[in-house]
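Hi everyone, thanks for coming. Let me put today's structure up on the screen, and then I'll walk you through it.

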Amino acid sequence: MSNSSGDADALIHILYIDDDEGLALLMQKNLRRRGFSVEWAESGAASLARLGEGGIDAVVLDHVLAGETGLDILPSITAMPDHPPVIYATGSDDTSIAVAALKAGADDYMLKGISADYFDLLAAALEQALERARFRRETAQAQEVIRQQRDLAEMLLAEVNHRIANSLGLVGALIRMQSSMTTDRWRSTRCTKRRCVSTPSPVCTAGSTPTVRSALCRSTNIWTACSPNSKPRCVTTSGRTESCSPRSRSIWRQTR
């Protein structure tokens with residue numbers, strides 16, 4: 001019993017849609033010999049209900065049914081997600097039926113018969129349709145994987161760009177900070193070299209400026225040793241003592 005169940009599971013499950021029960025029994029007998037398990041549905045409603053349950057690998061759909069045609073049912077079958085492949089069978093040699101069936105989504109078209117050759121051709125058509133359906137599924141799965149990987153790559157690239165932008169902004173801020181600190185140090189050093197100093201000895205002032213610092217910060221010399229009766233002298237930043245100019249002598253005064 002278990003072996004029979006295992007053999008049935010190994011078979012390819014076919015749904016045969018036809019209003020002729022005799023042909024359905026003949027189809028079951030002949031296709032089972034060729035590795036197929038056949039279920040029969042006599043109407044469109046019954047076939048759609050069975051397809052909705054799942055477990056069907058392929059469909060053989062007859063053209064002439066009771067009160068309807070296979071073309072009436074075919075769009076509903078092909079509209080199902082991941083629908084099984086459909087082989088459209090009819091006893092008519094009207095090519096317009098074949099064209100309409102293929103346009104509606106049938107995978108193949110066959111003229112009905114009852115000979116062994118017909119069932120051989122039908123089995124071959126079913127295998128080819130199943131192979132094409134398998135290829136479509138694998139292609140769709142591969143495309144889905146590629147899409148997911150592309151989305152992941154785009155997300156990672158956006159994150160990398162965001163982090164690079166943040167890093168560049170931080171580097172720019174550090175460069176500006178360093179430049180500002182360098183400028184401040186340069187100004188501090190320059191002011192230190194030109195800083196005025198006061199000494200206990202008499203000093204010279206210029207004009208109305210109250211202290212020697214404000215007067216001498218505009219030059220590189222420090223004036224010292226001034227007196228009313230002595231010649232004013234100035235000490236340069238290099239340490240040399242030089243005579244004051246006439247204009248400078250005219251503006252000094254005794255501050256002691």
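**One aspartate and the sheet**

Let's begin with D120, which counts as partly exposed because its relative accessibility is 38%; buried would be under 20% relative accessible area, exposed over 50%, and partly exposed is in between, using a 1.4 Å probe and protein chains only. Before I go on, this is a predicted model, where local features need pLDDT of at least 70 and side-chain atom pairs count only at pLDDT 80 or more, while totals for chains, interfaces and linings use all residues. Residues are numbered from 1 along each chain as its sequence is written, and side-chain values use heavy atoms, with hydrogens and water left out.

Back to D120, which sits in helix α6, residues 116–193. Helices here are DSSP runs of H or I with at least four residues, strands are runs of E with at least two, and the numbering starts at the N terminus. Which side chain does D120 make a polar contact with? That of R34, at 2.7 Å. A polar contact is a pair of N or O atoms within 3.5 Å; within protein, one must be able to donate a hydrogen and the other to accept it, and residues adjacent in sequence count only if both atoms are side-chain atoms. D120 also lies 8.9 Å from N30, C-alpha to C-alpha, although 90 residues separate them in sequence.

Now for the sheet. Five strands make an open sheet, ordered β2-β1-β3-β6-β7, with parallel pairing; two strands pair if DSSP finds at least two bridges between them. At the edges stand β2 and β7 (108–111), each with a single partner strand, so one side of each has no neighbour in the sheet. From one strand to the next, the twist averages 25 degrees.

Let's look at β1, residues 12–17. Five of its six residues are buried, so β1 is largely enclosed by the rest of the structure. Six bridges pair β1 with β2 (residues 36–41) in the parallel sense. To get from β1 to β2, the chain passes through helix α2 (residues 21–32), and this β-α-β crossover is right-handed: with the strands pointing away from the viewer, the path from the first strand over the helix to the second runs clockwise.

Terms used. Axes fitted to C-alpha atoms, helices over the stretch in contact; angles between N-to-C directions.
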